[in-house]
Amino acid sequence: MQEFVRRYKCLALKDDGWLPLKSKNNKDLAVELLEITKQDFSSVQIGRTQILYRAPQQRILELLRNLSLERVCVISQSWTRMMLTQLFARRLRQVRPGLLAALKAEHDLEKVEEALGYASEVISTLIQVFNFQLYEITQCKILREKLIERKRVTALLAEVFPKDPESNFDELTEAVRQGDEIVDLPGNPQQIKLYQDTKAKLELTINRRATRADLAEGTQNAEKQRLLDGIQRAIELGIESCSEVAAGRAMIERIEKEEIVVTNLKIALGTGGIVVWTPDAQQQLNSSGLDAVISEAMKFGMKTAEGKTLQNVAIFAKKLRTMLATVEWDGSSQWISIEKLYESDEVTEDLLEHPEVAWAHHETQLRNRIRDVLDPLQIAVDTLNEKVMTQTLKSFEDPPDLGADQLQRLQQKENALSATAAEALELVKEAKTKLVSSIESEDEAELADAIEICQRCNVSDSVAVHLLERYAIAQILWAMKFHIVEGTRGEVGLLLDEALAGATSTVMQGEQGDIELGKDTIL
(Lines give C-alpha, C1' and ligand atoms only; values in the text may rest on other atoms or scores of the structure.)
Protein backbone atom coordinates (compact mmCIF):
# COMPACT_ATOMS: atom_id res chain seq x y z
CA MET A 1 0.00 0.00 0.00
CA GLN A 2 2.77 2.42 0.97
CA GLU A 3 4.67 1.61 -2.25
CA PHE A 4 1.50 2.30 -4.32
CA VAL A 5 1.07 5.72 -2.73
CA ARG A 6 4.74 6.57 -3.22
CA ARG A 7 4.71 5.52 -6.89
CA TYR A 8 1.48 7.20 -7.94
CA LYS A 9 1.43 10.26 -5.69
CA CYS A 10 2.56 12.30 -8.71
CA LEU A 11 -0.97 11.86 -10.15
CA ALA A 12 -2.03 14.71 -7.86
CA LEU A 13 -0.01 17.20 -10.05
CA LYS A 14 -2.14 18.99 -12.62
CA ASP A 15 -1.40 21.78 -15.10
CA ASP A 16 -2.44 24.41 -12.59
CA GLY A 17 -0.48 22.86 -9.70
CA TRP A 18 -0.70 20.17 -7.02
CA LEU A 19 -4.11 19.04 -5.81
CA PRO A 20 -4.31 18.90 -2.02
CA LEU A 21 -4.52 15.38 -0.52
CA LYS A 22 -6.75 15.31 2.57
CA SER A 23 -6.29 11.68 3.62
CA LYS A 24 -3.96 10.79 6.46
CA ASN A 25 -3.33 7.05 6.00
CA ASN A 26 -2.07 5.13 3.00
CA LYS A 27 -5.36 3.31 2.29
CA ASP A 28 -7.36 6.54 2.09
CA LEU A 29 -4.56 8.18 0.07
CA ALA A 30 -4.71 5.32 -2.43
CA VAL A 31 -8.46 5.73 -2.80
CA GLU A 32 -8.11 9.51 -3.18
CA LEU A 33 -5.38 9.14 -5.86
CA LEU A 34 -7.57 6.73 -7.86
CA GLU A 35 -10.46 9.19 -7.68
CA ILE A 36 -8.24 12.08 -8.87
CA THR A 37 -7.58 10.21 -12.13
CA LYS A 38 -11.32 10.18 -12.94
CA GLN A 39 -10.90 6.76 -14.48
CA ASP A 40 -12.94 3.60 -13.95
CA PHE A 41 -11.04 1.67 -11.35
CA SER A 42 -14.09 -0.17 -9.91
CA SER A 43 -12.40 -3.50 -10.43
CA VAL A 44 -9.49 -2.51 -8.20
CA GLN A 45 -9.62 -4.20 -4.82
CA ILE A 46 -8.20 -2.27 -1.90
CA GLY A 47 -7.34 -4.21 1.22
CA ARG A 48 -5.86 -3.19 4.50
CA THR A 49 -2.24 -3.53 3.32
CA GLN A 50 -2.49 -4.48 -0.37
CA ILE A 51 -4.10 -3.22 -3.58
CA LEU A 52 -4.99 -5.69 -6.27
CA TYR A 53 -5.60 -4.78 -9.92
CA ARG A 54 -5.17 -6.37 -13.29
CA ALA A 55 -3.02 -5.52 -16.30
CA PRO A 56 -5.42 -3.00 -17.96
CA GLN A 57 -5.60 -0.97 -14.81
CA GLN A 58 -1.82 -1.24 -14.51
CA ARG A 59 -1.35 0.22 -18.03
CA ILE A 60 -3.70 3.12 -17.33
CA LEU A 61 -1.96 3.93 -14.07
CA GLU A 62 1.48 3.82 -15.66
CA LEU A 63 0.34 6.02 -18.54
CA LEU A 64 -1.11 8.58 -16.15
CA ARG A 65 2.04 8.38 -14.05
CA ASN A 66 4.30 9.07 -17.09
CA LEU A 67 2.22 12.08 -18.07
CA SER A 68 2.42 13.43 -14.53
CA LEU A 69 6.17 12.84 -14.36
CA GLU A 70 6.69 15.09 -17.39
CA ARG A 71 5.06 17.93 -15.51
CA VAL A 72 7.04 17.03 -12.39
CA CYS A 73 10.34 17.11 -14.31
CA VAL A 74 9.62 20.52 -15.80
CA ILE A 75 8.82 21.99 -12.42
CA SER A 76 11.80 20.24 -10.84
CA GLN A 77 14.16 21.53 -13.52
CA SER A 78 12.78 25.03 -13.22
CA TRP A 79 13.31 25.08 -9.50
CA THR A 80 16.76 23.57 -9.89
CA ARG A 81 17.78 26.21 -12.45
CA MET A 82 16.45 28.94 -10.22
CA MET A 83 18.43 27.68 -7.26
CA LEU A 84 21.60 27.24 -9.32
CA THR A 85 21.19 30.70 -10.87
CA GLN A 86 20.80 32.29 -7.50
CA LEU A 87 23.82 30.40 -6.28
CA PHE A 88 25.83 31.42 -9.36
CA ALA A 89 24.84 35.07 -8.92
CA ARG A 90 25.86 34.99 -5.25
CA ARG A 91 29.25 33.53 -6.16
CA LEU A 92 29.80 36.08 -8.94
CA ARG A 93 29.10 38.86 -6.47
CA GLN A 94 31.50 37.09 -4.14
CA VAL A 95 34.46 37.14 -6.60
CA ARG A 96 33.80 40.52 -8.27
CA PRO A 97 35.43 42.77 -5.60
CA GLY A 98 38.71 40.88 -5.88
CA LEU A 99 38.65 41.14 -9.68
CA LEU A 100 37.91 44.87 -9.55
CA ALA A 101 40.77 45.38 -7.09
CA ALA A 102 43.13 43.52 -9.42
CA LEU A 103 42.00 45.60 -12.40
CA LYS A 104 42.49 48.79 -10.41
CA ALA A 105 46.01 47.78 -9.39
CA GLU A 106 46.63 47.28 -13.15
CA HIS A 107 50.33 46.38 -13.01
CA ASP A 108 50.26 43.75 -10.21
CA LEU A 109 50.45 40.40 -12.00
CA GLU A 110 50.43 38.41 -8.76
CA LYS A 111 47.21 40.08 -7.62
CA VAL A 112 45.56 39.49 -10.98
CA GLU A 113 46.48 35.80 -10.97
CA GLU A 114 45.28 35.47 -7.37
CA ALA A 115 41.93 37.07 -8.22
CA LEU A 116 41.49 34.84 -11.28
CA GLY A 117 42.46 31.75 -9.27
CA TYR A 118 39.95 32.54 -6.53
CA ALA A 119 37.23 33.20 -9.11
CA SER A 120 37.96 29.89 -10.83
CA GLU A 121 37.82 28.05 -7.52
CA VAL A 122 34.50 29.61 -6.53
CA ILE A 123 32.55 29.40 -9.79
CA SER A 124 34.37 26.72 -11.76
CA THR A 125 31.63 24.04 -11.20
CA LEU A 126 28.85 26.44 -12.12
CA ILE A 127 30.63 27.66 -15.28
CA GLN A 128 29.90 24.23 -16.77
CA VAL A 129 26.19 24.85 -16.28
CA PHE A 130 26.03 28.50 -17.34
CA ASN A 131 27.74 29.57 -20.55
CA PHE A 132 28.59 32.99 -19.12
CA GLN A 133 31.78 34.75 -18.12
CA LEU A 134 31.87 37.81 -15.91
CA TYR A 135 33.11 40.96 -17.69
CA GLU A 136 35.69 41.56 -14.97
CA ILE A 137 37.04 38.03 -15.47
CA THR A 138 37.47 38.72 -19.20
CA GLN A 139 39.26 41.99 -18.48
CA CYS A 140 41.49 40.35 -15.90
CA LYS A 141 42.47 37.62 -18.36
CA ILE A 142 43.41 40.25 -20.97
CA LEU A 143 45.34 42.19 -18.33
CA ARG A 144 47.12 39.00 -17.25
CA GLU A 145 48.32 38.36 -20.84
CA LYS A 146 49.66 41.92 -21.04
CA LEU A 147 51.39 41.69 -17.68
CA ILE A 148 52.92 38.31 -18.59
CA GLU A 149 54.32 39.83 -21.79
CA ARG A 150 55.57 42.85 -19.83
CA LYS A 151 57.21 40.49 -17.35
CA ARG A 152 58.90 38.51 -20.15
CA VAL A 153 60.27 41.62 -21.88
CA THR A 154 61.35 43.08 -18.54
CA ALA A 155 63.34 39.92 -17.82
CA LEU A 156 64.99 40.26 -21.25
CA LEU A 157 65.82 43.93 -20.60
CA ALA A 158 67.16 43.12 -17.15
CA GLU A 159 69.42 40.48 -18.68
CA VAL A 160 70.85 42.68 -21.44
CA PHE A 161 71.08 46.01 -19.59
CA PRO A 162 74.25 45.25 -17.57
CA LYS A 163 76.13 43.95 -20.64
CA ASP A 164 78.57 45.98 -22.71
CA PRO A 165 76.44 47.79 -25.33
CA GLU A 166 79.13 47.70 -28.02
CA SER A 167 79.80 43.96 -27.98
CA ASN A 168 76.11 43.14 -27.42
CA PHE A 169 74.66 45.81 -29.68
CA ASP A 170 72.35 43.50 -31.67
CA GLU A 171 71.00 41.88 -28.52
CA LEU A 172 70.40 45.31 -26.97
CA THR A 173 68.66 46.53 -30.12
CA GLU A 174 66.33 43.51 -30.20
CA ALA A 175 65.43 43.87 -26.52
CA VAL A 176 64.56 47.55 -26.95
CA ARG A 177 62.57 46.74 -30.09
CA GLN A 178 60.43 44.31 -28.10
CA GLY A 179 60.09 46.94 -25.37
CA ASP A 180 58.88 49.45 -27.97
CA GLU A 181 56.19 47.01 -29.10
CA ILE A 182 54.69 46.82 -25.58
CA VAL A 183 55.22 50.45 -24.65
CA ASP A 184 51.44 50.92 -24.23
CA LEU A 185 51.01 47.85 -22.01
CA PRO A 186 50.70 48.35 -18.23
CA GLY A 187 53.72 47.89 -16.00
CA ASN A 188 54.98 48.91 -12.61
CA PRO A 189 57.32 51.90 -12.20
CA GLN A 190 60.40 49.66 -11.92
CA GLN A 191 59.57 47.93 -15.21
CA ILE A 192 58.94 51.21 -17.01
CA LYS A 193 62.17 52.71 -15.67
CA LEU A 194 64.19 49.67 -16.76
CA TYR A 195 62.77 49.97 -20.28
CA GLN A 196 63.49 53.71 -20.44
CA ASP A 197 67.04 53.26 -19.13
CA THR A 198 67.76 50.45 -21.60
CA LYS A 199 66.39 52.50 -24.50
CA ALA A 200 68.46 55.52 -23.43
CA LYS A 201 71.52 53.27 -23.31
CA LEU A 202 70.80 52.06 -26.83
CA GLU A 203 70.32 55.61 -28.14
CA LEU A 204 73.57 56.68 -26.48
CA THR A 205 75.36 53.74 -28.10
CA ILE A 206 73.85 54.56 -31.50
CA ASN A 207 74.92 58.21 -31.18
CA ARG A 208 78.42 57.17 -30.15
CA ARG A 209 78.71 54.79 -33.06
CA ALA A 210 77.43 57.43 -35.48
CA THR A 211 79.87 60.00 -34.09
CA ARG A 212 82.83 57.63 -34.42
CA ALA A 213 81.78 56.73 -37.97
CA ASP A 214 81.39 60.43 -38.80
CA LEU A 215 84.85 61.16 -37.38
CA ALA A 216 86.37 58.30 -39.36
CA GLU A 217 84.76 59.51 -42.60
CA GLY A 218 85.70 63.12 -41.83
CA THR A 219 89.29 62.03 -41.25
CA GLN A 220 89.36 60.07 -44.49
CA ASN A 221 87.92 63.00 -46.49
CA ALA A 222 89.89 65.63 -44.55
CA GLU A 223 86.82 67.73 -43.70
CA LYS A 224 87.87 70.21 -41.04
CA GLN A 225 84.48 71.54 -39.92
CA ARG A 226 83.02 68.05 -39.84
CA LEU A 227 85.88 66.90 -37.63
CA LEU A 228 85.50 69.85 -35.28
CA ASP A 229 81.77 69.17 -34.91
CA GLY A 230 82.39 65.45 -34.46
CA ILE A 231 84.99 65.96 -31.74
CA GLN A 232 82.62 68.29 -29.88
CA ARG A 233 79.86 65.66 -30.05
CA ALA A 234 82.30 62.97 -28.89
CA ILE A 235 83.16 65.07 -25.83
CA GLU A 236 79.46 65.51 -25.05
CA LEU A 237 78.86 61.75 -25.43
CA GLY A 238 81.80 60.84 -23.21
CA ILE A 239 84.01 59.15 -25.83
CA GLU A 240 86.74 61.76 -26.07
CA SER A 241 89.40 59.10 -25.53
CA CYS A 242 88.44 56.95 -28.53
CA SER A 243 90.91 56.45 -31.39
CA GLU A 244 88.69 58.28 -33.89
CA VAL A 245 88.96 61.52 -31.88
CA ALA A 246 92.75 61.26 -31.78
CA ALA A 247 92.91 60.62 -35.54
CA GLY A 248 90.54 63.52 -36.14
CA ARG A 249 92.69 65.95 -34.13
CA ALA A 250 95.79 64.85 -36.02
CA MET A 251 94.01 65.41 -39.33
CA ILE A 252 92.90 68.90 -38.23
CA GLU A 253 96.53 69.83 -37.60
CA ARG A 254 97.46 68.57 -41.06
CA ILE A 255 94.56 70.46 -42.66
CA GLU A 256 95.73 73.70 -41.06
CA LYS A 257 99.13 73.20 -42.69
CA GLU A 258 97.47 72.38 -45.98
CA GLU A 259 95.48 75.61 -45.82
CA ILE A 260 98.76 77.50 -46.31
CA VAL A 261 99.40 75.58 -49.54
CA VAL A 262 95.80 76.22 -50.61
CA THR A 263 96.31 79.96 -50.08
CA ASN A 264 99.44 79.89 -52.26
CA LEU A 265 97.49 78.07 -55.00
CA LYS A 266 94.73 80.68 -54.90
CA ILE A 267 97.26 83.51 -55.16
CA ALA A 268 98.98 81.88 -58.14
CA LEU A 269 95.69 81.18 -59.91
CA GLY A 270 94.53 84.74 -59.27
CA THR A 271 97.20 86.19 -61.56
CA GLY A 272 98.27 85.46 -65.14
CA GLY A 273 94.93 84.00 -66.28
CA ILE A 274 91.90 85.34 -68.17
CA VAL A 275 88.41 85.67 -66.71
CA VAL A 276 87.20 88.59 -68.90
CA TRP A 277 87.88 89.14 -72.63
CA THR A 278 89.90 92.17 -73.65
CA PRO A 279 91.73 92.81 -76.93
CA ASP A 280 95.15 92.48 -75.22
CA ALA A 281 94.24 89.74 -72.70
CA GLN A 282 96.25 87.17 -74.66
CA GLN A 283 99.46 89.16 -74.12
CA GLN A 284 98.88 89.14 -70.35
CA LEU A 285 98.84 85.34 -70.04
CA ASN A 286 101.52 83.98 -67.70
CA SER A 287 101.81 80.38 -66.46
CA SER A 288 105.26 80.56 -64.88
CA GLY A 289 103.87 81.36 -61.43
CA LEU A 290 102.01 78.05 -61.31
CA ASP A 291 105.04 75.75 -61.45
CA ALA A 292 106.22 76.38 -57.90
CA VAL A 293 102.78 76.04 -56.24
CA ILE A 294 101.97 72.89 -58.22
CA SER A 295 105.25 71.35 -57.09
CA GLU A 296 104.56 72.39 -53.48
CA ALA A 297 101.05 70.93 -53.55
CA MET A 298 102.17 67.61 -55.06
CA LYS A 299 104.98 67.29 -52.56
CA PHE A 300 102.69 68.01 -49.59
CA GLY A 301 99.99 65.61 -50.78
CA MET A 302 96.66 67.42 -50.70
CA LYS A 303 93.95 65.72 -48.65
CA THR A 304 91.06 68.20 -48.51
CA ALA A 305 88.54 68.43 -51.33
CA GLU A 306 89.42 72.10 -51.84
CA GLY A 307 93.13 71.35 -51.92
CA LYS A 308 92.75 68.52 -54.44
CA THR A 309 90.49 70.63 -56.65
CA LEU A 310 92.81 73.64 -56.61
CA GLN A 311 95.80 71.44 -57.39
CA ASN A 312 93.95 69.99 -60.40
CA VAL A 313 92.83 73.49 -61.44
CA ALA A 314 96.43 74.73 -61.30
CA ILE A 315 97.66 71.83 -63.45
CA PHE A 316 94.82 72.36 -65.93
CA ALA A 317 95.25 76.15 -65.92
CA LYS A 318 98.92 75.77 -66.84
CA LYS A 319 97.99 73.73 -69.93
CA LEU A 320 95.13 76.12 -70.75
CA ARG A 321 97.27 79.25 -70.54
CA THR A 322 99.92 77.68 -72.74
CA MET A 323 97.33 76.84 -75.41
CA LEU A 324 95.52 80.19 -75.17
CA ALA A 325 98.79 81.96 -75.90
CA THR A 326 98.97 80.26 -79.33
CA VAL A 327 95.38 80.48 -80.61
CA GLU A 328 93.98 83.15 -82.92
CA TRP A 329 92.57 85.77 -80.59
CA ASP A 330 90.44 87.97 -82.83
CA GLY A 331 87.50 86.80 -84.90
CA SER A 332 85.50 83.65 -84.37
CA SER A 333 87.84 80.92 -85.60
CA GLN A 334 87.51 77.58 -83.87
CA TRP A 335 89.85 76.85 -80.96
CA ILE A 336 90.34 73.19 -81.77
CA SER A 337 93.15 72.56 -79.27
CA ILE A 338 91.16 74.19 -76.45
CA GLU A 339 88.05 72.14 -77.26
CA LYS A 340 90.06 68.91 -77.25
CA LEU A 341 91.50 69.86 -73.88
CA TYR A 342 87.99 70.24 -72.45
CA GLU A 343 86.95 66.90 -73.93
CA SER A 344 89.67 65.09 -71.95
CA ASP A 345 88.92 62.99 -68.85
CA GLU A 346 90.69 65.40 -66.52
CA VAL A 347 87.86 67.94 -66.83
CA THR A 348 85.36 67.53 -63.95
CA GLU A 349 82.41 69.50 -62.62
CA ASP A 350 84.56 70.87 -59.80
CA LEU A 351 87.14 72.00 -62.34
CA LEU A 352 84.54 73.85 -64.43
CA GLU A 353 83.41 75.82 -61.39
CA HIS A 354 86.71 77.72 -61.30
CA PRO A 355 86.30 81.14 -63.02
CA GLU A 356 89.37 80.83 -65.27
CA VAL A 357 88.52 77.31 -66.45
CA ALA A 358 84.85 78.22 -66.93
CA TRP A 359 85.72 81.38 -68.91
CA ALA A 360 87.76 79.53 -71.53
CA HIS A 361 85.07 76.86 -71.86
CA HIS A 362 82.37 79.50 -72.38
CA GLU A 363 84.61 81.36 -74.81
CA THR A 364 84.82 78.31 -77.09
CA GLN A 365 81.04 78.05 -76.98
CA LEU A 366 80.68 81.75 -77.82
CA ARG A 367 83.00 81.46 -80.82
CA ASN A 368 81.09 78.41 -82.04
CA ARG A 369 77.83 80.31 -81.63
CA ILE A 370 79.15 83.23 -83.67
CA ARG A 371 80.54 80.91 -86.33
CA ASP A 372 77.49 78.64 -86.54
CA VAL A 373 74.72 81.21 -86.10
CA LEU A 374 75.73 84.86 -86.42
CA ASP A 375 78.05 84.51 -89.41
CA PRO A 376 75.48 82.52 -91.46
CA LEU A 377 72.87 85.10 -90.49
CA GLN A 378 75.04 87.90 -91.79
CA ILE A 379 75.44 86.05 -95.09
CA ALA A 380 71.69 85.48 -95.18
CA VAL A 381 71.13 89.22 -94.65
CA ASP A 382 73.56 90.06 -97.43
CA THR A 383 71.90 87.57 -99.82
CA LEU A 384 68.34 88.16 -98.51
CA ASN A 385 67.87 84.46 -97.76
CA GLU A 386 64.41 84.48 -96.21
CA LYS A 387 64.49 80.90 -94.89
CA VAL A 388 67.83 81.23 -93.09
CA MET A 389 66.93 84.60 -91.60
CA THR A 390 63.62 83.26 -90.24
CA GLN A 391 65.18 80.18 -88.67
CA THR A 392 68.13 82.04 -87.19
CA LEU A 393 66.09 84.86 -85.68
CA LYS A 394 63.85 82.25 -84.05
CA SER A 395 66.92 80.62 -82.45
CA PHE A 396 67.69 83.91 -80.70
CA GLU A 397 64.74 83.17 -78.38
CA ASP A 398 66.76 80.39 -76.68
CA PRO A 399 70.12 81.87 -75.66
CA PRO A 400 72.97 79.42 -74.96
CA ASP A 401 74.31 78.72 -71.45
CA LEU A 402 77.30 81.05 -71.28
CA GLY A 403 79.19 83.01 -68.68
CA ALA A 404 78.32 86.63 -67.92
CA ASP A 405 81.19 87.99 -70.04
CA GLN A 406 80.33 85.89 -73.10
CA LEU A 407 76.60 86.39 -72.75
CA GLN A 408 76.94 90.17 -72.67
CA ARG A 409 79.13 90.21 -75.79
CA LEU A 410 76.83 87.77 -77.59
CA GLN A 411 73.75 89.85 -76.81
CA GLN A 412 75.45 92.97 -78.18
CA LYS A 413 76.25 91.21 -81.45
CA GLU A 414 72.83 89.55 -81.71
CA ASN A 415 70.97 92.78 -80.95
CA ALA A 416 72.84 94.68 -83.67
CA LEU A 417 72.50 91.94 -86.26
CA SER A 418 68.91 91.00 -85.42
CA ALA A 419 67.72 94.55 -86.13
CA THR A 420 69.34 94.50 -89.57
CA ALA A 421 68.07 90.98 -90.24
CA ALA A 422 64.53 91.88 -89.19
CA GLU A 423 64.53 94.87 -91.56
CA ALA A 424 65.89 92.80 -94.45
CA LEU A 425 63.39 90.02 -93.75
CA GLU A 426 60.53 92.48 -93.78
CA LEU A 427 61.71 93.90 -97.12
CA VAL A 428 62.06 90.53 -98.82
CA LYS A 429 58.65 89.39 -97.49
CA GLU A 430 57.09 92.57 -98.88
CA ALA A 431 58.74 91.94 -102.27
CA LYS A 432 57.49 88.37 -102.29
CA THR A 433 53.94 89.42 -101.41
CA LYS A 434 53.82 92.09 -104.12
CA LEU A 435 55.27 89.75 -106.74
CA VAL A 436 52.67 87.09 -106.03
CA SER A 437 49.82 89.61 -106.03
CA SER A 438 50.91 91.42 -109.21
CA ILE A 439 51.50 88.19 -111.13
CA GLU A 440 48.04 86.98 -110.27
CA SER A 441 46.34 90.29 -111.17
CA GLU A 442 48.68 91.22 -114.11
CA ASP A 443 47.93 94.81 -113.23
CA GLU A 444 50.51 97.11 -114.83
CA ALA A 445 50.83 99.41 -111.81
CA GLU A 446 51.21 96.51 -109.39
CA LEU A 447 53.78 94.89 -111.68
CA ALA A 448 55.76 98.12 -111.82
CA ASP A 449 55.60 98.46 -108.02
CA ALA A 450 56.77 94.85 -107.56
CA ILE A 451 59.61 95.30 -110.04
CA GLU A 452 60.67 98.49 -108.27
CA ILE A 453 60.93 96.84 -104.83
CA CYS A 454 62.80 93.88 -106.37
CA GLN A 455 65.29 96.34 -107.82
CA ARG A 456 65.70 97.81 -104.34
CA CYS A 457 66.41 94.28 -103.11
CA ASN A 458 68.91 93.73 -105.93
CA VAL A 459 67.23 90.46 -106.82
CA SER A 460 69.67 88.40 -108.89
CA ASP A 461 71.14 84.95 -109.14
CA SER A 462 73.08 85.66 -105.91
CA VAL A 463 70.66 87.88 -103.93
CA ALA A 464 67.10 86.84 -102.99
CA VAL A 465 67.41 83.90 -105.33
CA HIS A 466 64.04 82.50 -104.26
CA LEU A 467 62.39 85.61 -105.77
CA LEU A 468 64.26 85.48 -109.07
CA GLU A 469 61.69 83.38 -110.98
CA ARG A 470 58.74 85.51 -109.92
CA TYR A 471 60.81 88.65 -110.65
CA ALA A 472 61.44 87.46 -114.23
CA ILE A 473 57.75 86.62 -114.73
CA ALA A 474 56.78 90.07 -113.49
CA GLN A 475 59.23 91.71 -115.90
CA ILE A 476 57.87 89.68 -118.82
CA LEU A 477 54.27 90.50 -117.96
CA TRP A 478 55.14 94.15 -117.56
CA ALA A 479 57.05 94.18 -120.90
CA MET A 480 54.05 92.64 -122.64
CA LYS A 481 52.08 95.72 -121.68
CA PHE A 482 54.34 97.68 -124.17
CA HIS A 483 54.86 100.27 -121.53
CA ILE A 484 56.08 103.52 -123.18
CA VAL A 485 57.09 106.46 -121.02
CA GLU A 486 56.09 109.00 -123.70
CA GLY A 487 53.79 108.70 -126.74
CA THR A 488 50.76 106.58 -127.44
CA ARG A 489 50.31 103.02 -128.48
CA GLY A 490 49.32 102.51 -132.06
CA GLU A 491 49.08 98.78 -131.94
CA VAL A 492 49.26 96.09 -129.33
CA GLY A 493 49.82 92.51 -130.34
CA LEU A 494 51.17 89.30 -128.97
CA LEU A 495 54.52 89.08 -130.68
CA LEU A 496 56.09 86.48 -128.39
CA ASP A 497 54.54 83.50 -130.08
CA GLU A 498 55.20 83.52 -133.84
CA ALA A 499 52.81 80.63 -134.27
CA LEU A 500 49.96 82.86 -133.09
CA ALA A 501 51.13 86.10 -134.64
CA GLY A 502 53.00 86.29 -137.90
CA ALA A 503 54.10 89.85 -137.27
CA THR A 504 57.62 90.33 -136.04
CA SER A 505 57.36 94.05 -135.31
CA THR A 506 54.95 96.80 -134.39
CA VAL A 507 54.70 100.51 -135.13
CA MET A 508 54.56 102.99 -132.24
CA GLN A 509 53.39 106.59 -132.75
CA GLY A 510 55.58 109.14 -131.00
CA GLU A 511 56.33 112.86 -131.17
CA GLN A 512 59.03 112.26 -133.80
CA GLY A 513 56.73 110.16 -135.96
CA ASP A 514 56.11 106.50 -136.34
CA ILE A 515 58.72 104.16 -134.95
CA GLU A 516 58.92 100.51 -135.89
CA LEU A 517 60.01 98.29 -133.03
CA GLY A 518 61.12 94.74 -133.57
CA LYS A 519 60.19 91.84 -131.31
CA ASP A 520 63.70 91.55 -129.89
CA THR A 521 63.66 95.25 -129.03
CA ILE A 522 60.37 94.92 -127.20
CA LEU A 523 61.64 91.95 -125.15
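The crossing of helices α16 and α17 is left-handed, meaning that the near helix is turned anticlockwise from the far one by less than a right angle. The model is predicted, so local features need pLDDT of at least 70 and side-chain atom pairs count only at pLDDT 80 or more, while totals for chains, interfaces and linings use all residues. Residues are numbered from 1 along each chain as its sequence is written, and side-chain values use heavy atoms, without hydrogens or water.

Select residues 404-441 for α16 and 444-457 for α17: the two helices pack at an angle of about 150°, with their axes 8 Å apart. That angle makes α16 roughly antiparallel to α17, a label for angles over 145 degrees. Now show the side chains of the contact (heavy atoms within 4.5 Å), including L427, A431 and L435 of α16 and L447, A450 and I453 of α17.

Next, select F88 and F130, an aromatic pair (ring centres within 6.5 Å) that is stacked (planes under 30 degrees apart), with 5.0 Å centre to centre and 10° between the planes. Because F88 lies in helix α3 (residues 55-105) and F130 in the loop between α4 (109-127) and α5 (135-160), the pair ties together parts that are 42 residues apart in sequence. Both F88 and F130 are buried, that is, under 20% relative accessible area with a 1.4 Å probe and protein chains only.

Then move to W329 and W335, which also form a stacked pair, 5.8 Å centre to centre with 25° between the planes. W329 is buried at a relative accessible area of 5%, and W335 is buried at 3%.

Notes. Axes are lines fitted to C-alpha atoms, for helices over the stretch in contact, and angles run from 0 to 180 degrees between N-to-C directions. Helices (H or I, at least four residues) and strands (E, at least two) are DSSP runs, numbered from the N terminus. Angles under 35 degrees count as roughly parallel, over 145 as roughly antiparallel, 65 to 115 as roughly perpendicular and the rest as oblique. Rings of Phe, Tyr and Trp (its six-membered ring) pair if their centres lie within 6.5 Å; planes under 30 degrees apart count as stacked, over 60 as edge-to-face and the rest as tilted. Buried means under 20% relative accessible area, exposed over 50%, partly exposed in between (1.4 Å probe, protein chains only).
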